[in-house]
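Let's walk through this model together, going from one contact to the wider fold. Keep the viewer open as you read.

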Amino acid sequence: MLKEPNPAQAKPIKKILLYGNSILIAGLASKLGQVEGLEVTQMEEGDLGNPLDVNMIAVDLRDAKTSQALPVLCAVPGVLLVGMDAITNTLTVLTSQSHTAQSMQDVLEVLKKAM
């Protein structure tokens, strides 16, 4: 007999918005899609509209369109904004400090700690 999962024991879902359409964002979307407990959506560009129902926004800092949206993204209240730079291998929590990220696994570990 199968037991139904107890809602009190279910892991909370963290919502992540990947903003942009770079190769880095596509790779991250692929990896995060495999992580249990995460709901990942991607937005290439456009109006963010009302405050978003997300815990984190991840961006590629080398993507020109994303760079133009940073002031708006920074203004979203209560949302962790994470910038990634594949050229310098850095991951910057824009409200905190930079971390060295040599691989996608390093990126995943920093994101997990930040949430």
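**Salt bridges, strands and helices**

Lys15 and Asp53 form a salt bridge, their closest N and O atoms lying 2.8 Å apart. This pair ties together distant parts of the chain, with Lys15 in strand 1 and Asp53 in the loop between strand 2 and strand 3, 38 residues apart. A salt bridge here is a side-chain nitrogen of Lys or Arg within 4 Å of a carboxyl oxygen of Asp or Glu. Helices (H or I, at least four residues) and strands (E, at least two) are DSSP runs, numbered from the N terminus.

Before going on, a word on the ground rules. This is a predicted model, in which local features need pLDDT of at least 70 and side-chain atom pairs count only at pLDDT 80 or more, while totals for chains, interfaces and linings use all residues. Residues are numbered from 1 along each chain as its sequence is written, and side-chain values use heavy atoms, with hydrogens and water left out.

How exposed are the two partners? Lys15 is partly exposed, because its relative accessible area is 24%, whereas Asp53 is exposed, at 57%. The cut-offs are under 20% relative accessible area for buried, over 50% for exposed, and partly exposed in between (1.4 Å probe, protein chains only).

The structure holds two salt bridges. In the other, Asp85 meets Arg62, again with the closest N and O atoms 2.8 Å apart. Asp85 belongs to strand 4 and Arg62 to the loop between strand 3 and helix 2, 23 residues apart. Asp85 counts as buried because its relative accessibility is 9%, while Arg62 is partly exposed at 48%.

Now follow the strands. Strand 1 (residues 14-19) pairs with strand 2 (residues 38-43) in the parallel sense over six bridges; two strands pair if DSSP finds at least two bridges between them. Within this pairing, Ile16 has Val40 of strand 2 as its bridge partner. Strand 1 also runs parallel to strand 3, joined by four bridges, and there Leu18 stands opposite Ala58. Ala58 in turn stands opposite Val82 in strand 4, as part of a parallel pairing of strand 3 and strand 4 over five bridges.

Strand 3 is largely enclosed by the rest of the structure, because five of its five residues are buried. Met56, Ala58 and Asp60 point one way from this strand, and Ile57 and Val59 the other way.

Strand 1, helix 1 (residues 23-32) and strand 2 make a right-handed β-α-β unit, and strand 3, helix 2 and strand 4 make another right-handed one. Right-handed means that, with the strands pointing away from the viewer, the path from the first strand over the helix to the second runs clockwise.

Which residues of helix 2 are buried? In helix 2 (residues 64-74) they are Thr66, Ala69, Leu70 and Leu73. They sit on the same side of the helix because they cover an arc of only 150° around the axis, judged by the directions from the helix axis to the C-beta atoms. Ala64, Gln68, Pro71 and Val72 are exposed on the other side. The cover over the buried residues includes strand 1, strand 3 (56-60) and strand 4 (80-85), contact meaning heavy atoms within 4.5 Å.
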